[in-house]
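Biologist: I am new to this one. Could you take me through the model step by step?

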Amino acid sequence: DMEMAPGGIPLAEGDDDRDGLEMDVLVHPLGPLLDHWPGGLELHTRLHGDVVAHVEVQRPASPTHVPAAVAAWDAVARVLSLVGDDVWAARARMVRDQHPGPELDGGGGRVRARLARLARHHVLPHSVTDVLGRLLDERIDASTHRLDDAALASLLEGHDLGDVRLLVAAHAPLLEPSAAGAGRG
């Protein structure tokens, strides 16, 4: 008689991985109370090793309104903090706090250059720097362009857990409910 939950902790179950081999699966929540994580967002993930195989999204229904430029610079600061670059994260927050002051271009340009260097050194996935660049250049209108739960899950599935944290941080301005009260999704 083998105990399936030694010490009350359930064992991992098996599931077919991308390559067809059986792999242990861990069901694990991310959020809602996680450093550098959008408030209230919770992901229920199925992990195959460190790869996210499936995501179910839960978000708060209460609308919030943050100016688009502020939300974009918050996302930059979150990403930089997650990769351990606290000095440049603080600079991004300073740029955010100065917005729309005259120093925005100079300080913002230096932070953008730092992001580009991190991307060239493979610290940041291209999709992270791409969405941050489009948010900062206002090529994405964060007040109207939202990722619904299915789009967010699709964006995250297949990435390793570290990249999921970076992707959520970068896309945070697109995840929060709209000020119009759209609620979920």
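**Starting from T45**

Modeller: T45 has 1% relative accessibility, so T45 counts as buried; buried means under 20% relative accessible area, exposed over 50%, and partly exposed in between, with a 1.4 Å probe and protein chains only. Please note that this is a predicted model, in which local features need pLDDT of at least 70 and side-chain atom pairs count only at pLDDT 80 or more, while totals for chains, interfaces and linings use all residues. Residues are numbered from 1 along each chain as its sequence is written, and side-chain values use heavy atoms, with hydrogens and water left out.

Biologist: Which strand is T45 found in?

Modeller: T45 belongs to strand β3. Helices (H or I, at least four residues) and strands (E, at least two) are DSSP runs, numbered from the N terminus.

Biologist: And what lies 2.5 Å from a polar atom of the T45 side chain?

Modeller: That is the backbone oxygen of H28. A polar contact is a pair of N or O atoms within 3.5 Å; within protein, one must be able to donate a hydrogen and the other to accept it, and residues adjacent in sequence count only if both atoms are side-chain atoms.

Biologist: Where is H48, and is H48 buried or exposed?

Modeller: H48 is also placed in strand β3, which covers residues 42–48. H48 is buried, at a relative accessible area of 8%.

Biologist: Stepping back, how many helices and strands are in the chain?

Modeller: The chain has 6 helices and 4 strands. Along the sequence the pattern reads β-β-β-β-α-α-α-α-α-α. Of its 185 residues, 39% count as buried.

Biologist: Let us turn to α6. Why is α6 described as largely enclosed?

Modeller: The reason is that 11 of the 15 residues of α6 are buried, so the rest of the structure largely encloses this helix. Among the buried residues of α6 are V164, L166, H171 and L175.

Biologist: What span does α6 have between its end C-alpha atoms?

Modeller: Helix α6 (residues 161–175) spans only 18 Å between its end C-alpha atoms, whereas a straight helix of 15 residues would span 21 Å at 1.5 Å a residue. The expected span is 1.5 Å times one less than the number of residues.

Biologist: Where does the kink in α6 lie?

Modeller: A kink of about 40° is found at A169, shortly before the proline P173. The bend at a residue is the angle between axes fitted to the seven residues ending there and the seven starting there.

Biologist: What happens at the start of α6?

Modeller: There, a side-chain oxygen of D160 comes to within 3.0 Å of the backbone nitrogen of G162. D160 sits in the loop between α5 (149–156) and α6, and D160 is partly exposed at a relative accessible area of 29%.

Biologist: At what angle do α1 and α6 pack?

Modeller: They pack at about 165°, with axes 7 Å apart. Axes are lines fitted to C-alpha atoms, for helices over the stretch in contact, and angles run from 0 to 180 degrees between N-to-C directions. α1 and α6 are therefore roughly antiparallel to each other; angles under 35 degrees count as roughly parallel, over 145 as roughly antiparallel, 65 to 115 as roughly perpendicular and the rest as oblique.

Biologist: What about α1 with α4?

Modeller: The axes of α1 (residues 68–82) and α4 (residues 126–136) come within 9 Å and cross at roughly 155°. α1 and α4 are therefore roughly antiparallel as well.

Biologist: Switching to the backbone, where is there a cis peptide bond?

Modeller: The bond from G31 to P32 is cis, with omega near 0°. P32 is in the loop between β2 (22–30) and β3.

Biologist: And what is the phi of H36?

Modeller: Phi of H36 is near 60°, a positive value in a residue other than glycine. Most residues other than glycine have a negative phi, and most peptide bonds are trans. H36 lies in the loop between β2 and β3 and is partly exposed, at 32% relative accessibility. E138 likewise has a phi near 60°; E138 is in the loop between α4 and α5 and is exposed, with a relative accessible area of 59%.
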